[in-house]
Amino acid sequence: MVQLWRRATRSTSSFSGSVELVTTELIDGFGRVHHDLRISVTDRCNFRCTYCMPQEGMEWRAREEILTFEEIERLARIMVERYGVDSIRLTGGEPTVRARLPLLVEKLAALGVDLSMTTNGVSLPLLADELKRAGLKRLNISLDSFRADRFLELTRRDELQRTLAGIDAALEAGFDPVKINVVIMRGINDDEILDFAEFGREKGVIVRFIEFMPLDADEIWNNSLVVTQSEIVDILGAEYDLESVVRTSAPATRWRYADGKGEIGVVASVSESFCESCDRVRITADGQFRSCLFATEETDVRALLRDGSSDDVVAEALERTVAAKWAGHQINQVQFIRPRRSMSEIGG
Ligand code: SAM
Ligand code: SF4
């Protein structure tokens, strides 16, 4: 049962001594309350997107370094039951390469949260039905080009057709909404913005354009490659009548088509950061708890999950990490420090 506890002060003792739990919200020093958890279930991937991973892949973590399903479930339960976390997204690496993923989905769905996943979509023709039956509610599928040669260049895999089939499989399985994540990069795929909009309108999927972030392992990112939200919306607005949609806590700024044929979103992490309304925390595949995608520090929760620490001790580590969350990343400013880990290692 999900419990939304009110703010209270509790003390308890544990294997590691006395612990002071001072809040029943995951709240930071700026008053932001955190309800959204991103769980990276694997650091591995079957693609090698240029804006994320190097051609040769990463140095994969050993199996014993990766959190087990039971550890993930315990951590998620603590966050749901103590702090009212009500939204969980599975990501990676590529989450579908983790063996027996539907089993994890079943365990997390039982917590009664809004359970979603971000995937490159290539395994969905095989997995979409099973994931739906296991309790997954929503899917974001990444696709950056409709051109086979460009798709191959971007992902280093010749899998455009299977990815498109994955989108169809998600729709046929009844996922609603299905969102398409498109990382737009100048001179690389920005000439396809209108093609994506048309695809979304015809298929009944929500396209979310994502600004390119400095989280690529090869460090090809530079500001001139970023196509900003305002540029994207100018291109779309010249073709379609768009109406702004009131912002929720979701990272995307949203617009709907005035003719009623759906909506689009833009994740403007670089040009118009939404840090002031961020309600998101993350756990990496190897059990490191992060309060921000761009955090330069993380908390080793895996160690606590494995050394006999009580739930109170784990909870206290979560609270401490969130309490120390910074105001926001500082991309575009001289003081910006690139995180040590890239997108696929953190879990995008
Ligand atoms: N493998 C899955 C996928 O690609 O959908 C899930 C993990 S991936 C890291 C999550 C999302 O991050 C994808 O939509 C991907 O396009 C996006 N992404 C990866 N690197 C990025 C970058 N440097 N800037 C912006 N988005 C990025
Ligand atoms: Fe893999 Fe997703 Fe990164 Fe592409 S963006 S390399 S699919 S983790």
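Start by selecting ligand 2 and showing what sits around it: Cys45, Phe47, Cys49, Tyr51, Cys52, Gly93, Asn120 and Ser344. Colour that shell by class and you get 5 nonpolar residues, 3 polar ones and no charged ones. Before you go on, keep in mind that this is a predicted model.

**Stop two: ligand 1**

Now select ligand 1 and its surroundings. Here 18 residues make up the shell, and the closest are Tyr51, Gly93, Glu94, Ser142 and Met213. By class, the shell around ligand 1 splits into 7 nonpolar, 9 polar and 2 charged residues.

Zoom in on the polar atoms. Which atom of ligand 1 lies 3.0 Å from a backbone N or O atom of Gly93? It's a nitrogen atom. Next, click on Thr119: a polar backbone atom of this residue is 3.2 Å from an oxygen atom of ligand 1. Then pick Ser142, where an N or O atom of the side chain is 2.6 Å from an oxygen atom of the ligand.

Alone, the ligand exposes 540 Å², and the protein buries 96% of that. Which elements give two or more residues to this shell? They are strand 5 (114–119), strand 7 (178–184) and strand 8 (206–211).

You're looking at an open sheet of 12 strands in the order 9-10-11-8-7-6-5-4-3-12-13-14, with mixed pairing. At the edges are strand 9 (242–245) and strand 14 (299–300), each of which pairs on one side only.

Select strand 3 (residues 36–40) and strand 4 (residues 87–91) together. They pair in the parallel sense over 5 bridges, and Asp36 has Ser87 in strand 4 as its bridge partner.

Look for Ile88, which stands opposite Leu115 in strand 5. Why is strand 5 described as largely enclosed by the rest of the structure? Because 5 of its 6 residues are buried.

One more step takes you to strand 6 (residues 138–142), where 4 of the 5 residues are buried. Strand 5 and strand 6 also pair in the parallel sense, over 4 bridges. Find Thr119 again: its bridge partner in strand 6 is Ile141.

**Stop four: a loop residue**

Select Ser269, in the loop between strand 11 (263–267) and strand 12 (280–283). Is Ser269 buried or exposed? Its relative accessibility is 5%, so Ser269 counts as buried.

**Last stop: helix 9**

Finish with helix 9 (residues 311–323). It has 13 residues and reaches 18 Å from its first C-alpha to its last, close to the 18 Å expected at 1.5 Å a residue. Which residues of helix 9 are buried? Highlight Asp312, Val313, Val314, Ala315, Ala317, Leu318, Glu319, Thr321 and Val322 to see them.

Technical notes
Residues numbered from 1 in each chain as written. Chains lettered and ligands numbered in written order. Predicted model: local features only at pLDDT ≥ 70, side-chain atom pairs only at ≥ 80, totals over all residues. Heavy atoms only, no water. Near = heavy atom within 4 Å. Nonpolar A, V, L, I, M, F, W, Y, C, P; charged D, E, K, R; others polar. Expected span 1.5 Å × (residues − 1). Buried < 20%, exposed > 50% of the residue type's maximum accessible area, 1.4 Å probe, protein only. Polar contact = N/O pair within 3.5 Å; in protein donor to acceptor, adjacent residues only side chain to side chain. Areas by Shrake-Rupley, 256 points an atom, 1.4 Å probe, with all protein chains shown as cover. Pairing = 2+ DSSP bridges.
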